[in-house]
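Biologist: I have a model open and I'd like to learn how to read it. Could you take me through it, one feature at a time?

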Amino acid sequence: MNTTYWSWERFFEALPIVLDGLWMTIFLTFASFAFALIVGFIWTLLRRIPIKPFNWIVTWSMEFIRSTPPLVQLFFIFFALPVIPVIGITLSPVQSAILGLGLHYSTYISEIYRSGIDSVGKGQWEAAKALNFSTMDKWKKIILPQAIPPTVPMLGNYLIILFKEVPLVSTITVSEILLLANTYGSRNFAYLEPLTIVGIIFLVLSYASAFLIKRLELRLNKRFDKNALAKSS
Amino acid sequence: MTEPIVQYRDVYKSFGDVKVLKGINLDIHAGEKVAVIGPSGSGKTTIIRMLMTLEEPTSGDIIVSGENLWKMEKNGKEVRANEKHLRKVRGDIGMVFQHFNLFPHMTILENCMTAPIHVKKEDKHEVRERAIQMLERVGLGDKIDNYPSQLSGGQKQRVAMARAVVMRPKIMLFDEVTSALDPELVGEVLEVIRDLAQHEDMAMVLVTHEMDFALDIADKVLFLDEGVIAEQGSARDVIEHSQNERLQSFLSRFRA
Amino acid sequence: MEVIPQVAKGLQVTITVLLASALLAYLLAFVAGLSKLSNNVLIRKATGVYVEIFRGTSLIVQLFWLYYAIPMLFGIQLGTNWWIGVIAIGLNYGAYLSEVVRSSIVAVDKGQSEAATALNMSSFQRMRLIIFPQAVRMMLPEFGNYTILILKSTSLVSLIGLHDVLYYGDIIRSTNASATPIVYGVILVFYFILALPLIWMTRKGEAIAKKGAASS
């Protein structure tokens with residue numbers, strides 16, 4: 001291991017190299033988030049199917065995915081899927097990353113959807129029934145417009161959480177910032193500077209996005225103030 | 001009569017720009033039962049909250065048993081009271097709240113025992129006896145091991161009163177104690193207050209909207225209006241002989 | 001079917017890292033959570049810096065950073081990587097949980113503190129007897145959830161060479177590729193079995209939190 005301490009020279013040498021991976025990190029954040037949004041929606045639909053054993057299977061499948069490590073899930077998808085007899089499929093590292101992170105976080109996203117739906121007051125459902133809305137109209141005009149706004153900041157927070165999970169995929173050879181930092185480190189026997197750069201990138205970006213989400217939340221609260229009235233009545 | 005147990009001297013209180021109390025002067029004597037009535041927002045609750053040290057007066061003095069509650073001497077100068085001073089002076093005061101404020105993580109009995117044991121350092125067994133006695137007196141002897149969440153509003157408020165009385169206060173403050181209750185539960189709480197008023201020699205200050213009840217048990221009635229005591233005297237004087245128009249219109253709303 | 005006993009060799013590391021880092025995280029959570037409510041600006045600011053740094057970056061980055069930096073910056077070998085894993089996970093989740101501690105204390109209904117004052121409690125008694133016990137009840141579900149997150153994150157320690165279940169799995173995979181699906185399947189089931197009591201405790205905690213505290 002390197003015995004010299006901090007070097008600014010190495011810091012500025014490593015900076016552009018590590019930053020090269022930033023687009024991959026950001027791309028994976030949004031791609032796996034989009035995937036999680038869709039799969040989360042499917043979970044939510046599946047959970048509403050009122051067949052007991054089926055419901056039980058769905059609930060515990062979600063529980064299983066949520067309470068086991070995403071790192072192992074990534075390894076399963078990347079290393080194990082290709083060698084499973086008959087159905088074996090080989091996914092690229094990037095595809096595996098999106099599938100793995102997206103699937104893991106879909107279970108959390110589904111929970112957010114559910115809390116959004118639960119937040120719509122009972123009176124609203126009854127009113128929709130009393131007004132004889134079709135199922136489609138009920139969801140489109142009454143439930144979703146009220147269920148979605150409160151979930152937006154929660155979803156935003158999960159986007160940031162997911163962003164911080166992306167470096168896990170360096171372990172399945174995706175060239176994002178952590179992998180590039182580690183590569184620089186092993187080539188130059190100096191990990192401290194590149195890893196510090198990665199840390200700084202995360203700090204800056206996660207706080208910038210947390211700030212944006214807070215502003216979005218404020219604006220949504222203003223626009224959807226009516227919801228509060230609807231809930232209390 | 002002897003020296004009053006509580007004196008308010010020219011007490012003012014503002015919340016931000018809102019002046020809630022504008023010069024309160026008031027004497028409360030030992031054992032006296034005082035009812036404070038008046039429209040909402042007139043500052044009734046603030047008067048007793050300052051005595052309980054939950055709000056600090058903006059100016060003026062509150063004297064409890066000869067000691068200034070919110071001020072103390074330090075190096076010959078009068079300074080703002082610290083916690084030690086507040087605790088010393090407020091030791092004889094107890095309070096019952098509109099929303100009960102029972103401790104939800106303790107049983108009914110523990111609610112009544114925790115302060116005598118930890119604050120007054122009294123003997124556990126003696127406190128237990130006293131607390132059970134008091135809970136029996138308010139009609140909850142069979143509930144001592146229940147948690148507050150298992151009780152009705154009226155029962156909770158009776159526990160809250162027992163909890164306060166077990167501390168043996170010389171002054172008890174009641175802050176709209178029936179306002180949060182369902183109408184059918186008000187009676188049982190008023191019964192307990194009446195019992196305390198008749199059999200305990202502590203002073204009581206009731207902020208209340210239960211007009212008939214207040215006038216019935218009070219030695220003295222204060223009518224608070226726009227931050228000042230607009231009228232005070234015996235119940236009969238205030239109700240029957242007062243010329244104060246706002247008081248008459250206020251009372252007429254309860255006599256419909 | 002030698003996969004199960006092979007992988008099970010790593011259970012000891014997985015479980016000890018889980019217990020030690022959870023314990024460290026809880027400890028830091030209370031220290032930092034209470035410091036954030038301190039009257040002393042310096043203590044509040046310093047705690048804020050700790051919390052923001054560890055919540056604002058990734059655990060895996062913190063783990064690697066500590067792994068390389070601690071021996072280098074301090075010129076000491078912390079002895080084993082076990083400690084580095086525990087410290088990284090503990091620091092990370094301690095930061096998250098300190099927010100849970102802080103917000104739970106703040107969330108105890110103001111009436112509780114007023115009732116305590118009316119019973120002439122000191123501010124210390126108020127905290128110890130009334131506020132804190134209720135805040136702890138409110139924290140339970142979140143502590144349960146975060147403990148499951150801690151369990152999941154213990155899999156990272158294989159990346160700094162600790163011999164946990166994932167490490168042994170990787171070894172089998174590198175020698176016998178066809179066993180890979182079974183290996184990672186078994187490891188996932190291991191983690192799930194470890195998670196089950198935590199899931200159960202979290203649900204219990206939710207029930208306790210619901211009835212044992214007055215929140216505003």
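Modeller: Happy to. Start with burial: of the 256 residues of chain B, 44% count as buried. Keep in mind that this is a predicted model.

Biologist: How does that sit with the overall form of chain B: what radius of gyration does chain B have, and what would a compact globule have?

Modeller: The general idea is to set the radius of gyration beside the value for a compact globule with that number of residues. Along its principal axes the C-alpha trace spans about 60 × 50 × 40 Å. As for what chain B is built from, there are 9 helices and 12 strands.

Biologist: And how many of the contacts in chain B join residues that are at least 24 apart?

Modeller: Take the contacts between residues at least 6 apart in sequence; in chain B, 64% of them join residues at least 24 apart.

Biologist: Can you show me that with a single residue? Is Val36(B) buried or exposed?

Modeller: Count the C-beta atoms around it; 20 or more within 10 Å makes a residue buried. Val36(B) has 28 others within that distance, so it is buried. It belongs to strand β3 of chain B, residues 33–37.

Biologist: Which residues is Val36(B) in contact with, leaving aside its neighbours within four places in sequence?

Modeller: Its partners are Lys44(B), Ile47(B), Val205(B), Leu206(B), Val207(B), Leu222(B) and Leu224(B).

Biologist: Over to chain A. How many helices and strands does chain A have?

Modeller: Chain A has 10 helices and 0 strands. The radius of gyration is 22 Å, whereas the globule rule gives 17 Å for 233 residues, so chain A is more spread out than a compact globule. The C-alpha trace of chain A spans about 75 × 50 × 20 Å along its principal axes. Of its 233 residues, 34% count as buried.

Biologist: What share of the contacts in chain A comes from residues 24 or more positions apart?

Modeller: Among contacts with a separation of 6 or more, such residues account for 76% in chain A.

Biologist: Which residues of α2(A) and α3(A) meet?

Modeller: From α2(A) you have Trp43(A), Leu46(A) and Arg47(A); from α3(A), Asn55(A), Val58(A), Thr59(A) and Met62(A). By class, this contact has 4 nonpolar, 2 polar and 1 charged residues.

Biologist: Now the chains together. Which pair of chains shares the most contacts?

Modeller: Chains A and C do, of the 2 pairs of chains in contact. That contact takes 31 residues from chain C and 32 residues from chain A. On the chain C side, α3 (41–56), α4 (59–74), α7 (123–153), α8 (165–175) and α9 (180–211) each supply at least two residues. The residues of that side divide into 23 nonpolar, 6 polar and 2 charged.

Biologist: How far apart are the closest C-alpha atoms of chain A and chain B?

Modeller: They lie 19 Å apart, and no contact joins chain A and chain B.

Biologist: What does UniProt place on chain C?

Modeller: The unreviewed entry gives the feature "transmembrane region" at residues 15–37, 49–70, 82–101, 143–162 and 182–201 of chain C. To read such a span, check its helix content and its end-to-end distance. Residues 15–37 are 91% helix and 0% strand, with end C-alpha atoms 33 Å apart. Residues 182–201 of chain C are 100% helix and 0% strand, and there the end C-alpha atoms lie 29 Å apart.

Notes: Residues numbered from 1 in each chain as written. Chains lettered and ligands numbered in written order. Predicted model: local features only at pLDDT ≥ 70, side-chain atom pairs only at ≥ 80, totals over all residues. UniProt positions renumbered as here; feature names shortened; annotations may be inferred. Helix = DSSP H or I, 4+ residues; strand = E, 2+ residues; numbered from the N terminus. Rg over C-alpha atoms; globule rule 2.2 N^0.38 Å. Buried ≥ 20, exposed ≤ 12 C-beta atoms within 10 Å, placed from the backbone. Contact = placed C-beta atoms within 7 Å. Nonpolar A, V, L, I, M, F, W, Y, C, P; charged D, E, K, R; others polar.
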